Amino acid sequence: MLGRLKRRLRALVYKGEMDRELDEELRYHLERQIEQNLQGGMSLKEARDEAIKSFGGLEQAKERSRDARGVRWMEDIWQDLRYGVRMLLKKPGFTSIAVITFALGIGVNTVVFSGAYLLLFQPLPYPNSERLAVISQTSRQGIEFGVSYPDFTVWKEQNPAFERVAATRAVSVNLTGSGPVKRVTGSYVSAEFFPLLGGRPQIGRPFLAEEFRAGGEKVVILSHGFWQDRFEADAGVAGRTLEFDGQSYTIVGVMPPSFLYPFRAAFWTPLEASEQAQTLHDATANNYEIIGALRQGVGVDHAATEMASLAQRTALRKPAGQPELTVKVTRLYDTMPGLTKYRTPILALQFAVLFVLLIASVNLSNLLLARNSVRHQEFTIRLAMGASRWRLVRQLLAESLLLGLLGSLLGILLAVWGMGVVRATSDLRLPGVGEIEINAPILLITLLISLLASLAFGLGPALTAGRQNLIECLKTGVTVADPRQRRLSGILVAAEVALAVALLTGTGLMIRTFLNLTREDPGFKPERALAVSLALPQSRRPDYESLAAYFDEAIRRLRALPGVESVGGVTYLPLVGYNPGVNFTIDGRASTPETMPRADVQPITPDYFQAIGIPLLRGRQFTDAEMNPHPNAAIINHAFAKKFWLNEDPLGKHILLQGDKFPRAPLVVVGVVGDVKQFGLHTEPRPEIYLPMRSHSMTLIVRTGGDPAQLFAALRDTVEGLDGQAAINMKTLEQVVSRSTWTPRNLSLLLGMLGVVALLLAAMGIYGVISYVVAQRTREMGIRLALGAQRRDILRLILGQGLALTLIGVAVGLTLSYALSRFLSSLLYGVSASDPATFVAITLLLAGVALTASYLPARRATKVDPLVALRYE
Amino acid sequence: MGKKKKTDILQGMLDLLILRVLRHSPLNGWDMMQRIQLASGDVLRVIPGSLYPALHKLEARGLIVAEWGASEKNRRAKFYRLTPAGRKQLEAERETWERFSGAVAAILRDA
């Protein structure tokens, strides 16, 4: 085995020397034979001739001896490659077009694939991430709750389903101290958290056991991103302190950039040290998210059953009136909406770029076909000289692979450059997910795809090369059209058009979705208004009075600014898609815990509706006097009134809210306002209850007479002047609205760009094929003209060919679109996946493109001088 | 033995003959040709055009090794000799051949 390898290596390296030895060996034999012949009486000449004749094929023997070395195939491939490079350099125009076309296809694929790769294959960068699951609890009505700390401590021990569990709680705090006040989100974690997820700090040290008890030292580990932003990647950050909500925390470590749980957590700190003592002992405070690693062989359903019986066995005594909860176990991956939300758009994009690559490959195939038809003389000579057909095919494939290699290298460079551009335009960054970058696996897969594509586009032309009638070609030297090649060309172009149609239909549907969404009325007036969200740490305004005083003062000061028309506060900004909701009962209507109705709840200040532009439909607005931690009045929206009091007058009716955080006494309905789309432009308005009370974190809507962006500085100064510890976040309402159409807008943009590229490529393809056809049929055109055909008949003939090819492609493409449409339907709004208007529009578009692309060659056909054509040899 | 074409059988025969004549001493190509012709009573004449490729194939398989040496007339020639692997192969091929020819002979007798 090793010997063989050594001999082969030697054969490669010492090729020249071995050839010389071979010559010498055979020469020796010939000399002996000649001697023998001379001794037998032949003349010198006779002796020589006989010796060579009786050898039995000297050259062939040499060839076969060389073959015996076992490296022939390597030498052949090397020879093919060198020949291929020479051929490509000879025609730089063709080579550059081919390489650029392929590079475009590979480039966009690399970019999109790196995003898809991140989302689909690497979303959870923890060891055993498939075994990670979340334990939560649900009430009978399907509301999700966390787990209380006492339950967690019980379930930690000897859990039949989980190897290890950890408790976490997401917290938002105000970061004070050096730098501007900022609201950051982080996580309280239990001791098992980091070992469970396999995370070790990149800088500093992990938490110590004693830091995980009540009254322990307040320490914090930072996330990589937060450390970069706030501390400018200062490696000496360990030991410095941070202030959260006025409390001092010592930094002990920084996590590596890959550690991202929970998403966007800026810091982690031991929960036992930071939580209020009573929370740790309260069995009803279901605040914690429990994540754990399932034991080997335990599936999610099995775990749920085990946990249910464990919960029953160890049920802690809880006070009455608590909702009955069942334990639920979910895979960690399934709990991350950020991942699943973008899955379909990313997959749609991936398909789209694959289509573009296919189209580019088809174009390349056609280019190669055209070029091969020009080189047919070269091929026929080689075949006539005894080259095997396989040898020819192999050599042409080598050329295709070379083109593919060059194209993919250029494509990867384009991708890297493109990603830099994309990152600069920050709107296109996927929020909540790690940085998209091109790494080794992606490069590998890209090269693999380009290899397959190169083989694909090279195979057709290679197999049909030199299949023309040899004698005919050599005799006349004419570029005789091979019907097989022509047919292949035609099929390829139709395929191109089909793919382009599928892509463009998807694009069209996406654009229409986007336009439909922008036409939707959000329910308020976004122009000339700002949203200023203010968050105060609990410690700063511990009671309602000081909270009220703060917000009242803030509203008063903002109202006083020049240009401000009205200011109102709301707790859950519309369109942002969040509202905790509340259960309630309607006075006079009985309901059981299972059937209790539910609505969104909105604590607001009196001027809110005016500021944001929600119309008052019936009754009246809140007054300042009614603002109260325990209000008596409520305003409902139109959807609420329609659902619960369809044919009755809602004013004066009473509702009773359930839950600790809300007023105990019944509320009387004093007004009805218009609907807003709380959860997104594509959703239906939900029933909402507005309450005249303040919450710790409110967003003040500021309506101005002029350009809202002008007010940013003044607003910030005013608010900071009031309380330096408040975290401020400002955006215009128009920005809020446009954020809610982020996905369809960007998807339309990207698909649009890809569609344009696809259309260009398809046009190039049609142009190429029709030109080729015209060149082949020059003689025929000449004859037709000579026989009296009009120029416009020729034009019609050629254009008709182009159109026919295109329409076949369109038909196939529309069928493909229809088949794929199901897949897109979750992204669409207001337009069905098989929308006829879009289909028709795309058909007309492609027909137009086909006519345009065929026009130039068709015109050339009409310019043929019949005499020249007939004489053309 | 598996599927073998006519040329493969002849080829295998040539390989066997080469290995055999190299049993006792190293030889160069010319000498091998003479030896085979002589030993077979002039029945088998090896064509040089087949001999040398066969030699190189056997060399590539590691069954024989080559060395440059001096012929009787003190000219430079390439001599081949058996390797241990070659010797083993010789025995194996010889057995196979005897079985094969025995079988053919038996069939021809019976008919």
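The lining of the second largest cavity divides into four nonpolar, three polar and one charged residue. By class, Ala, Val, Leu, Ile, Met, Phe, Trp, Tyr, Cys and Pro count as nonpolar, Asp, Glu, Lys and Arg as charged, and the others, Gly among them, as polar. Those lining residues are Leu368(A), Asn372(A), Leu396(A), Glu399(A), Ser400(A), Gly458(A), Pro461(A) and Ala462(A). The elements giving two or more of them are α14, α16 (389-424) and α17 (440-464) of chain A. Helices here are DSSP runs of H or I with at least four residues, strands are runs of E with at least two, and both are numbered from the N terminus.

This is a predicted model, in which local features need pLDDT of at least 70 and side-chain atom pairs count only at pLDDT 80 or more, while totals for chains, interfaces and linings use all residues. Residues are numbered from 1 along each chain as its sequence is written, chains are lettered from A and ligands numbered from 1 in the order written, and side-chain values use heavy atoms, with hydrogens and water left out.

A cavity is a set of points on a 1 Å grid over the protein atoms alone where a 1.4 Å probe fits but cannot get out, and lining residues have an atom within 4 Å of a point. Points are joined across faces, edges and corners, and a volume is the space filled by probe spheres set on them. The structure holds four cavities of 30 Å³ or more.

What lines the largest cavity? There are 18 residues, and Phe355(A), Ala502(A), Gly506(A), Leu820(A) and Leu824(A) lie nearest its centre. α19(A) gives the largest share, six residues. By class, the lining has 13 nonpolar, five polar and no charged residues.

Now the interface. In contact, meaning heavy atoms within 4.5 Å, are 27 residues of chain B and 21 of chain A. The buried area is about 2,200 Å², with 52% from carbon and sulfur atoms; buried area is the accessible area (1.4 Å probe) that two parts lose on being put together, summed over both. Trp30(B), Tyr52(B) and Arg75(B) supply 30% of what chain B buries against chain A, more than any other three residues.

The rule finds five salt bridges across this interface, each a side-chain nitrogen of Lys or Arg within 4 Å of a carboxyl oxygen of Asp or Glu. Lys78(B) and Glu21(A) form a salt bridge at 3.7 Å, N to O.

Conventions
1 Å grid on protein atoms, 1.4 Å probe; cavity = no way out; pocket = protein on both sides within 12 Å on 5 of 7 lines; lining within 4 Å.
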